[in-house]
Amino acid sequence: MKVKLSDIKKELKDLSQKELITIISELYKNSKEVKEYFAVKYGGEEALEELFEAAAKKIMHEFFPSRGHGKLRFGVARKAIQDYKKITNDEDGTLALRIIYVEYGTEFTNTYGDIHEQFYDSMLSMFQTVVIECSSNEFLLNKYNDRLLEILDQSKDTGWGYHDCLCDIYYSHIEVDDEDE
């Protein structure tokens, strides 16, 4: 059964401050997302940093767990990025997590050899999202361009045309002066 937000607001208007505090406390105790929301809202930069590190660790774990081989559950890694974005609304941190995703993916294929097509499609899709965002924001481009170029460099000996596709994405969105090449 779904309750509309407008219905909830009507009910909350009639509650006392003590009753509202009780409801919020119950939400906090029972929901990881609510705890993370309040951590970001009231915990400042330190809380934001902790959530970023936790998301980055989840991404890394899908490629390079501390034990065993990476499971490459793209959905788990992408969900870590989406959850971070949803809870924090931190566009810069979200972009950094997307770059981390592609960096680990590129390192993974360099370590273990050619992977299946879905792997490369996922990496290319994420890379394109990053490049498009950076190409529309000079600050982000200046901040992350070296990492994007490093991904291109690290992908040179990769199969399935991965490097060529990364280069196509990058150079079709980022203007490069002849002096920079």
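Glu133 has its place in helix H6; helices here are DSSP runs of H or I with at least four residues, numbered from the N terminus. The model is predicted, so local features need pLDDT of at least 70 and side-chain atom pairs count only at pLDDT 80 or more, while totals for chains, interfaces and linings use all residues. Residues are numbered from 1 along each chain as its sequence is written, and side-chain values use heavy atoms, with hydrogens and water left out.

Glu133 counts as buried because its relative accessibility is 18%. Buried means under 20% relative accessible area, exposed means over 50%, and partly exposed lies in between, for a 1.4 Å probe and protein chains only. Apart from neighbours within four places in sequence, Glu133 is in contact with Glu91, Leu95, Arg98 and Leu140, where contact means heavy atoms within 4.5 Å.

Helix H6 covers residues 117-135, which is 19 residues. From its first C-alpha to its last, H6 reaches 26 Å, close to the 27 Å expected at 1.5 Å a residue; the expected span is 1.5 Å times one less than the number of residues. The buried residues of H6 include Phe119, Tyr120, Met126, Phe127 and Cys134. Against which helices do the buried residues of H6 pack? They pack against H3, H4, H5, H7 and H8.

Two of these partners, H5 (residues 91-112) and H7 (residues 138-154), also pack together, at an angle of about 10 degrees and with their axes 10 Å apart. Axes are lines fitted to C-alpha atoms, for helices over the stretch in contact, and angles run from 0 to 180 degrees between N-to-C directions. H5 and H7 are therefore roughly parallel to each other. Angles under 35 degrees count as roughly parallel, over 145 as roughly antiparallel, 65 to 115 as roughly perpendicular and the rest as oblique.

Thr106 belongs to H5 and is buried, with a relative accessible area of 1%. Setting aside neighbours within four places in sequence, Thr106 is in contact with Ile151, Gln154, Ser155 and Tyr162. With Tyr162, the side chain of Thr106 makes a polar contact of 2.8 Å.

H7 also meets helix H8 (residues 162-173); their axes come within 9 Å and cross at roughly 150 degrees. That makes H7 roughly antiparallel to H8. Asn145, Leu148, Leu149, Ile151 and Leu152 in H7 meet His163, Leu166, Cys167, Tyr170 and Tyr171 in H8. By class, this contact of H7 with H8 has eight nonpolar, two polar and no charged residues.

Two loop residues remain. Most residues other than glycine have a negative phi. Leu72, in the loop between helix H3 (32-63) and helix H4 (74-88), has a positive phi near 55 degrees. Leu72 counts as buried at 15% relative accessibility. Asn89 lies in the loop between H4 and H5 and has a positive phi of about 60 degrees. Is Asn89 buried or exposed? At 59% relative accessibility, Asn89 counts as exposed.

Notes
Nonpolar A, V, L, I, M, F, W, Y, C, P; charged D, E, K, R; others polar. Polar contact = N/O pair within 3.5 Å; in protein donor to acceptor, adjacent residues only side chain to side chain.
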